[in-house]
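Please walk through this structure from its overall build down to single residues.

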Amino acid sequence: MAIVRPFKAIRPVRDKAPFVASRSYEEYSADELRSVMRYNPFSFLHIINPGYKFNKSIRGSERFKLVRNRYLEFLENNIFIKDESTCFYLYQIGKENFKSLGLFCATSVVDYQKGIIKKHEDTILKREKLFADYLETVGFNAEPVLMTYPDNETISSILKKEMQQLPEYDFTTTDKISHRLWKIDDRNTIETLQGIFSEMDSLYIADGHHRIASSALFAKRKKAKNEAHTGKEAYNFFMSYLIPESEIKIYEFNRMVKDLNGLSKKEFLIQLDEHFRIEEHKDNLYRPSKKHHFSMYLEGVFYSLYLRKRLYQFTDALNRLDTQILYKTILEPILGIQDLRNDKRIAYGYGKYNLIKMKDSIDRGDFAVGFSLLPITFQEIKDIADAGLVMPPKSTYIEPKLRSGLTIYEL
């Protein structure tokens, strides 16, 4: 059974919400970041980048303490308010023809430890510890874990009914993404939703593996210090955004490698021929059309690579993934890429125009060869998670990408 809890959110006052909400810090260019910090005093970026106030780059525990100070200043200056009763927060985020409707809520560390909340990626212990230190100092969680649940007609009808009410927030950001948020504070509605989720066997992490692992580590530390631990304390939970499986969008990550590992073009193609049937498409932009089928760009020419399935063993859910097939047949044995996460010879790209960007970067000589794949399906993610396996790094780019600062969970 999956445990979900309402909580008392710290959130922006209504007229400040469009200015507070921020994208992930890493998504801003240096110029854009400077502009936001200079001209928008309400941006959540002022909290997570407190060194700006002192015109200094600050890291580690000193930064964490200043994050806490900026957060308290937002509360003292009435930019943030705290709801008086526990609520679920219904949030719709949308752009063009893609919208997601889900719930901000508190989900259980114990569910994660028991495997009710399922993962499909590995985490790095150093990053877990760093973010657990961060949580311990700042005392809040402002970035929800994105998780999915099976589509449910009863939940859908309840949420659609709640959408008939006047939203707390309704605005569009400059990147043309719309944001609408409603409070669900009716006790009967909350208990009904909790009852439905309690009947679900599993929830699946879509994005935020390090955030949830760090929350679990933070909870473990708190339990060790609290002899009167009951399991109901706020630190036993973390903030999540739950959406139905049908309202998630998955993009592929293309792979680009800087060299051919000492091989000539002819030698490289001969080695590829062992596992793939190769067809040339000249300089026409070519995308893969089905699973186990790849697009390759090399020295001004696009190729299609069709996997010779008789020579490849589909032993489990991991070995059926295109990202794993590419790694086991080309990247590791031919191009010598052992560490997909840290090897400086490989880079990744995603997005609507990424095939063109990949071609341009190879034509400029930044890389020698590039590979394009079909996006992984959500069923493949579930199969990996159910089997207790993990995907290769950069297997999926998942939307929606959530804003920071719209709802904050105090620990």
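Residues 24 or more positions apart account for 77% of the contacts in the protein with a separation of 6 or more, where a contact means heavy atoms within 4.5 Å. The model is predicted, so local features are given at pLDDT of at least 70 and side-chain atom pairs at pLDDT 80 or more, while totals for chains, interfaces and linings use all residues. Residues are numbered from 1 along each chain as its sequence is written, and side-chain values use heavy atoms, with hydrogens and water left out.

The protein contains 13 helices and 21 strands. Both are DSSP runs numbered from the N terminus: helices are H or I with at least four residues, strands are E with at least two. With 411 residues, a compact globule would have a radius of gyration near 22 Å, and the 23 Å of the protein agrees with that. This radius is taken over C-alpha atoms, and the globule rule is 2.2 Å times the number of residues to the power 0.38. Along the principal axes, the C-alpha trace spans about 70 × 50 × 45 Å.

Of the 411 residues, 52% are buried. Buried means under 20% relative accessible area, exposed means over 50%, and partly exposed lies in between, with a 1.4 Å probe and protein chains only. The accessible surface comes to about 19900 Å², and carbon and sulfur atoms hold 47% of it. These areas come from the Shrake-Rupley method with a 1.4 Å probe; for residues, only the protein chains shown count as cover. The 63 positive and 56 negative charges have mean positions 3 Å apart. Lys and Arg count as positive and Asp and Glu as negative, without His and the chain ends; each charge is placed at NZ of Lys, CZ of Arg, CG of Asp or CD of Glu.

Three helices show how buried residues meet their surroundings. An α-helix has 3.6 residues a turn, so residues three or four places apart point the same way. In helix H7 (residues 153-162), the buried residues are Ile155, Ile158, Leu159 and Glu162. They cover an arc of only 95° around the axis, which puts them on the same side of H7; the arc is that of the directions from the helix axis to the C-beta atoms. The face of H7 turned away from this side carries the exposed residues Glu153, Lys160 and Lys161. Among the elements covering the buried residues of H7 are strand S4 (88-95), strand S5 (98-108) and helix H8 (187-198).

Helix H12 (residues 354-363) has Asn354, Leu355, Met358, Lys359, Ser361 and Ile362 buried. Their arc of only 165° around the axis places them on the same side of H12. They pack against strands S14 (254-257), S16 (293-298), S17 (301-307), S18 (346-349) and S19 (369-372). Just after H12, Gly365 takes a positive phi of about 95°.

In helix H13 (residues 378-386), Phe378, Glu380, Ile381, Lys382, Ile384 and Ala385 are buried. Their packing partners include strand S11 (203-207) and strand S13 (249-251). Gly388 follows H13 and has a positive phi near 70°.

Most residues other than glycine have a negative phi, and most peptide bonds are trans. Two residues in the loop between strand S15 (276-280) and S16 can be set against this. Lys282 lies in that loop and has a positive phi near 55°; with a relative accessible area of 59%, Lys282 is exposed. His292 is found in the loop between S15 and S16 as well, with a positive phi near 65°, but at 14% relative accessibility His292 counts as buried. The peptide bond from Glu399 to Pro400 is cis, with omega near 15°, and Pro400 sits in the loop between strand S20 (397-399) and strand S21 (409-410).

Two further residues give a view of local surroundings. Phe74 lies in helix H4 (residues 60-76) and is buried at 6% relative accessibility. Beyond its neighbours within four places in sequence, Phe74 is in contact with Pro41, Phe42, Ser43, His46, Ile47, Ile79 and Phe80. Asp122 belongs to the loop between strand S6 (117-118) and helix H6 (125-138) and, at 40% relative accessibility, is partly exposed. Not counting residues up to four places away in sequence, Asp122 touches His210, Arg341 and Val390.
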